[in-house]
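Hi everyone, thanks for coming.

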Amino acid sequence: MEVMQVLHMNNGEGETSYAKNSNIQRKIISATNSTLKDAILNIMCNNNKNMPESIGIADLGCSSGPNTFIVVSEIIDIIDETSRNSGTSFPELKISLNDLPGNDFNDVFRSLPSFFDKVKEEKGAENCYIVGVPGSFYGRLFPQKSMHFVHSSSSLHWLSQVPLGLGTNNAMSSLNKGKLYISHTSPSDVINAYVSQFQNDFSTFLRSRSPEIVPGGRMLLSLMGRSSIDPTIEDGCYYQWELLANALSSLVSKGLVEKEKIDSFNAPYYAPCPEEVKIAVANEGSFIIDRIETFEIEWEASVSSNLSNEKILSSTGQQVATTIRAVVESMVENHFGNEIMNDLFSIYGDLVDDYIYKKRAVYVNLVVSLKRKE
């Protein structure tokens with residue numbers, strides 16, 4: 001699986017689109033607002049330097065839809081308030097929105113004129129410039145020392161590739177039989193491959209950002225994680241992958257999916273614990289961790305209050321399933337084919353309903369605030 005070509009959120013504005021099924025991601029962004037404000041204030045109110053006249057900002061994994069401009073809007077509000085309070089001019093803002101090439105950048109660009117009009121009307125600011133930057137953040141994206149602040153939310157749990165050795169055509173690809181991700185039954189070789197891939201990818205991410213961010217600049221990263229050092233713990237998104245594997249297995253029994261197809265699929269995903277992030281940051285050496293923490297959000301938080309009549313009549317499990325479908329369908333469809341998608345996520349929704357009836361189901365989110373060493 002070529003992750004860069006395959007992975008993207010569902011485009012458009014249909015019932016299974018990311019635009020209509022990204023409530024949980026919006027709540028994760030809102031939960032980090034205080035940390036975001038601290039980071040921006042640190043950039044603007046550094047006692048050793050004057051307030052920057054021009055500020056470079058990047059949002060990595062911006063996606064499309066209603067969430068795309070939430071962080072940018074919040075940053076502009078913080079900068080505007082700080083500028084007014086200090087009696088200084090609103091600085092020039094150079095904002096870069098990044099995602100993989102499959103992202104619906106056309107939707108993003110169509111939204112820009114109304115966004116600019118709103119900024120001009122509410123803040124009187126005309127020196128705000130926004131560009132789209134397609135490409136993987138596991139590599140260089142921006143010129144040297146061009147960024148003061150880099151943000152990423154709900155993106156860095158996606159790996160650059162299926163862990164080395166577990167690709168479809170590799171001899172180890174079927175080691176994780178019946179599973180799509182790390183599980184209690186996963187052999188140590190599978191677990192080690194995932195851990196190693198995350199460490200390599202996160203270190204590459206840090207090395208790529210290091211020359212791009214000015215000394216003293218900040219990064220705020222939030223991603224799916226786990227609270228325990230044990231990667232097989234039933235924590236965070238563990239059971240969402242387990243239930244998806246179970247839904248696929250039920251289609252095997254109906255003759256709609258080949259068992260070997262499940263055995264050869266390994267998700268390019270990893271939910272790290274804080275200790276693993278600390279190790280990667282220390283080994284890379286360019287950043288200092290200001291703050292690192294985890295918080296929980298209920299699965300049901302993905303259910304939006306702004307639902308169509310059709311969705312109002314569907315169960316919580318089906319609504320959660322549609323949220324997951326909006327995120328993972330592109331790569332699942334690429335491996336298993338389009339024909340089973342409706343059946344798969346219908347069964348998945350039923351399994352989610354059963355699970356949340358028996359247990360408290362939560363996402364664990366990991367938040368990391370970093371400073372570029374001076």
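Let's start in strand β4, where serine 152 is the bridge partner of leucine 60. Before going on, a word on the model: it is predicted, so local features need pLDDT of at least 70 and side-chain atom pairs count only at pLDDT 80 or more, while totals for chains, interfaces and linings use all residues. Residues are numbered from 1 along each chain as its sequence is written, and side-chain values use heavy atoms, with hydrogens and water left out.

Back to the strands. β1 (residues 54-60) pairs with β4 in the parallel sense over four bridges; two strands pair if DSSP finds at least two bridges between them. β4 also pairs with β5 (residues 213-224), again in the parallel sense, over six bridges. In that pairing, serine 153 has serine 222 of β5 as its bridge partner. Helices (H or I, at least four residues) and strands (E, at least two) are DSSP runs, numbered from the N terminus.

How many residues of β4 (residues 147-153) are buried? Seven of the seven, so β4 is largely enclosed by the rest of the structure. Buried means under 20% relative accessible area, exposed over 50%, and partly exposed in between, with a 1.4 Å probe and protein chains only.

Follow the chain into the loop between β4 and α6 (188-209) and you find serine 155. Serine 155 is buried, at 8% relative accessible area. Leaving out residues up to four places away in sequence, serine 155 touches Leu60, Gly61, Phe137 and Ser222, where contact means heavy atoms within 4.5 Å.

Now compare histidine 8, in the loop between α1 (3-6) and α2 (23-31). Histidine 8 is partly exposed, with a relative accessible area of 23%. Its contacts, not counting residues up to four places away in sequence, are Gly102, Asn103, Val327 and Ser330. Histidine 8 and methionine 331 are 323 residues apart in sequence, and C-alpha to C-alpha they are 8.0 Å apart in space.

Last, the helices. α7 (residues 238-253) and α12 (residues 341-358) pack at about 130 degrees, with axes 9 Å apart. Axes are lines fitted to C-alpha atoms, for helices over the stretch in contact, and angles run from 0 to 180 degrees between N-to-C directions. The two helices are therefore oblique to each other: under 35 degrees counts as roughly parallel, over 145 as roughly antiparallel, 65 to 115 as roughly perpendicular, and the rest as oblique. Among the residues making this contact are Leu243 and Leu244 of α7 and Phe345 and Tyr348 of α12.
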